[in-house]
Amino acid sequence: RFKNISMVAFDAIILINKKYKITYWNPAAEKIFGYKRHEIKDLYFQSLFSSNRYSNGLPDHLKKFFASDRINVIDKVLELTAIKKNRIEFPIELSISSFQIEKNWFAVCIIRDVTRRYRIEKELLKAKELKEANKIMREFIDNINHELRTPLNAIVGISRSLVKYDSENLSAKHKEALDHINTSGERLSTLINRLFEFRNKLEINIREFV
């Protein structure tokens, strides 16, 4: 029954003995790790994991597991980095239970390749960060629009009022300066309007490059 179930499982199902050697390997394990069943003879379970990321408590878990001979000693899913036959590392979730054959205890290791899920989560996080970045950018443009337009309106408005209502008290040089202020103010106002119109067309994107 165990073999029939494991043969059609999508997750890798591996049996290991108390010496940490693999004694059974289902088709999903072949697909995930790249080893054929005849290649796992005398293969140690530790060899399925990246050596520099293996020291995260798994050996201690297995030691306690075999010492107790109790079902479901490891009562949580472990997140580890495994390594394929071609030395490519990938993220997995590992759960371990016990299995008894003729009074001999084995660890049943169920391994799920979570590469696709991690990639989706990473893409979702990136999309969320981009959305937040674009929101901040638009808020910044809105703030710039407000902060620039308010004093600009005051400057242009006052200069126009001086020309219109107090022109008799202004010298030609003063009028020329006020005309210059108005012209420059109108140009700056046009630039601000264009920036604000361009606001909804701007979008931050992130790309990797070397």
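# Close-up views

**View A. Arginine 112 is partly exposed, at a relative accessible area of 43%.** Here, buried means under 20% relative accessible area, exposed means over 50%, and partly exposed is what falls in between (1.4 Å probe, protein chains only). This is a predicted model, where local features need pLDDT of at least 70, side-chain atom pairs count only at pLDDT 80 or more, and totals for chains, interfaces and linings use all residues. Residues are numbered from 1 along each chain as its sequence is written, and side-chain values use heavy atoms, with hydrogens and water left out. Arginine 112 has a salt-bridge partner, aspartate 11, and their closest N and O atoms sit 2.8 Å apart. A salt bridge, by the way, is a side-chain nitrogen of Lys or Arg within 4 Å of a carboxyl oxygen of Asp or Glu. Aspartate 11 is in the loop between helix H1 (2-8) and strand E1 (12-16), while arginine 112 is in strand E5 (residues 104-113), so the pair ties together parts that are 101 residues apart in sequence. Helices (H or I, at least four residues) and strands (E, at least two) are DSSP runs, numbered from the N terminus. Aspartate 11 counts as buried, at 17% relative accessibility.

**View B. Glu93, Arg117 and Glu121 are linked in a network of salt bridges.** Zoom in on glutamate 121 and arginine 117, and you find their closest N and O atoms 3.4 Å apart. Both lie in helix H4, four residues apart, which is about one turn of the helix. Glutamate 121 is partly exposed at 41% relative accessibility, and arginine 117 is partly exposed with a relative accessible area of 34%. How many salt bridges does the structure hold? There are six.

**View C. Helix H4 (residues 115-165) and helix H5 (residues 172-198) have axes that come within 9 Å and cross at roughly 155°.** That makes H4 roughly antiparallel to H5. The labels go like this: angles under 35 degrees are roughly parallel, over 145 roughly antiparallel, 65 to 115 roughly perpendicular and the rest oblique. Axes are lines fitted to C-alpha atoms, for helices over the stretch in contact, with angles running from 0 to 180 degrees between N-to-C directions. H4 passes H5 in a left-handed crossing, meaning the near helix is turned anticlockwise from the far one by less than a right angle (clockwise would be right-handed). Residues in the contact include Ile141, Leu148 and Arg160 of H4 and Leu178, Glu186 and Ile192 of H5, where contact means heavy atoms within 4.5 Å. Sorted by class, the contact has 13 nonpolar, six polar and four charged residues.

**View D. Glutamate 186 forms a salt bridge with arginine 160, with closest N and O atoms 2.8 Å apart.** Glutamate 186 belongs to helix H5 and arginine 160 to helix H4, so the pair ties together parts that are 26 residues apart in sequence. Glutamate 186 is partly exposed at 42% relative accessibility, and arginine 160 is partly exposed with a relative accessible area of 41%.

**View E. Tyrosine 24 is found in strand E2 (residues 22-25).** Is tyrosine 24 buried or exposed? Tyrosine 24 counts as buried, at 14% relative accessibility. Leaving aside residues up to four places away in sequence, tyrosine 24 touches Phe2, Lys3, Ser6, Met7, Ile13, Ile14, Leu15 and Ile40.

Methods:
Ala, Val, Leu, Ile, Met, Phe, Trp, Tyr, Cys and Pro count as nonpolar, Asp, Glu, Lys and Arg as charged, and the others, Gly among them, as polar.
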